[in-house]
Amino acid sequence: MTARLRADLVCGLGLLTRLPTGWLARDGLPYSMTRSIWCWPLIGAGINALAALAYGASLRLGLAPLPAAGWCVGGLLLLCGGLHEDGLADMADGCGGGRDRARKLEIMRDSRVGSYGVMALVVALLVRITALAAMSGPGALVALPVAGALARAAMAGVLWRLPPARRDGLASTMASLPRTALLACLGLAVALAAILLPAPGAMTACAVAMLASVLMCCLARWQLGGQTGDVLGATAVVTECAVLTALY
């Protein structure tokens with residue numbers, strides 16, 4: 001692995017997960033969050049593949065589908081530190097409780113979770129758990145990695161289409177995406193779907209992910225005037241829920 005690819009992987013893992021990356025890091029590597037977007041679908045697919053294997057193992061050990069799916073989603077939250085879910089809750093609180101854009105963005109920076117955020121989290125967890133529980137073991141083993149890859153590609157799509165809603169914050173530093181990295185990100189997500197799913201399922205998953213990304217773009221532009229880190233996290237959760245629902 002070249003130094004640049006390793007740097008991108010370290011950056012992507014550090015941004016999207018809570019996995020330790022010190023064993024991959026080397027002094028002097030040129031880190032770039034925008035350039036690292038190419039590996040986001042790989043990271044999403046890898047994390048979700050681990051959860052899918054745990055889900056399949058739980059079923060083989062005799063655990064019922066519903067509690068097995070609950071533990072599977074709980075493991076995903078642990079691996080990713082609830083980063084995307086935090087974004088979903090913040091965006092729901094801001095868009096639901098603010099009267100204007102400035103107030104919405106202010107609410108989104110509040111560390112407290114309000115009623116809109118709680119409701120959004122409950123719905124998102126219920127959708128993922130019940131969709132997984134409704135799938136057969138082999139179906140979940142491929143659906144989860146595909147959903148993870150497409151969800152992270154949807155985040156890149158929102159970054160590409162929307163300007164930052166604030167001048168500060170993490171997302172404001174990622175306003176300009178390298179074309180090669182963006183194309184690689186989208187191409188990898190589509191390729192993973194095509195490899196892991198039959199053609200009709202792959203087309204459905206990609207179409208649903210694109211629709212979810214477009215809807216989140218429209219919502220963020222209307223409510224906030226652009227994207228933030230919370231918008232990206234919310235996009236990942238909404239897209240993953242939509243893809244898993246479509247593949248059920």
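1. A quick definition to start: "buried" here means under 20% relative accessible area. Keep in mind that this is a predicted model. With that cut-off, the buried residues of helix 1 are Arg-6, Ala-7, Asp-8, Val-10, Cys-11, Gly-12, Leu-13 and Leu-16. So the list has Arg-6 and Asp-8 in it, both under the 20% that counts as buried.

2. As for its geometry, helix 1 covers residues 3–16, 14 residues in total. From first C-alpha to last it reaches 20 Å, close to the 20 Å expected at 1.5 Å a residue.

3. Helix 9 (residues 199–224) has 26 residues and spans 37 Å between its first and last C-alpha, close to the expected 38 Å. Its buried residues include Ala-202, Ala-205, Ala-209, Ala-212 and Ala-220, and Cys-206, Cys-217 and Gln-223 are among them too.

4. Now the cavity search. Over the whole structure, one cavity of 30 Å³ or more turns up. The largest cavity has a volume of about 110 Å³. It is lined by 13 residues, and those closest to its centre are His-84, Glu-85, Arg-128, Arg-152 and Glu-240.

5. Which elements give two or more residues to that lining? They are helix 3 (65–80), helix 4 (83–97), helix 7 (137–161) and helix 10 (229–247). Helix 3 gives the most, with four residues.

6. Leu-126 sits in helix 6, residues 115–134.

Methods:
Residues are numbered from 1 along each chain as its sequence is written. This is a predicted model: local features need pLDDT of at least 70, side-chain atom pairs count only at pLDDT 80 or more; totals for chains, interfaces and linings use all residues. Side-chain values use heavy atoms; hydrogens and water are left out. The expected span of a helix is 1.5 Å times one less than its number of residues. Buried means under 20% relative accessible area, exposed over 50%, partly exposed in between (1.4 Å probe, protein chains only). On a 1 Å grid over the protein atoms alone, a cavity is a set of points where a 1.4 Å probe fits but cannot get out, and a pocket is an open set with protein on both sides within 12 Å along at least five of seven lines; lining residues have an atom within 4 Å of a point. Grid points are joined across faces, edges and corners, and a volume is the space filled by probe spheres set on the points.
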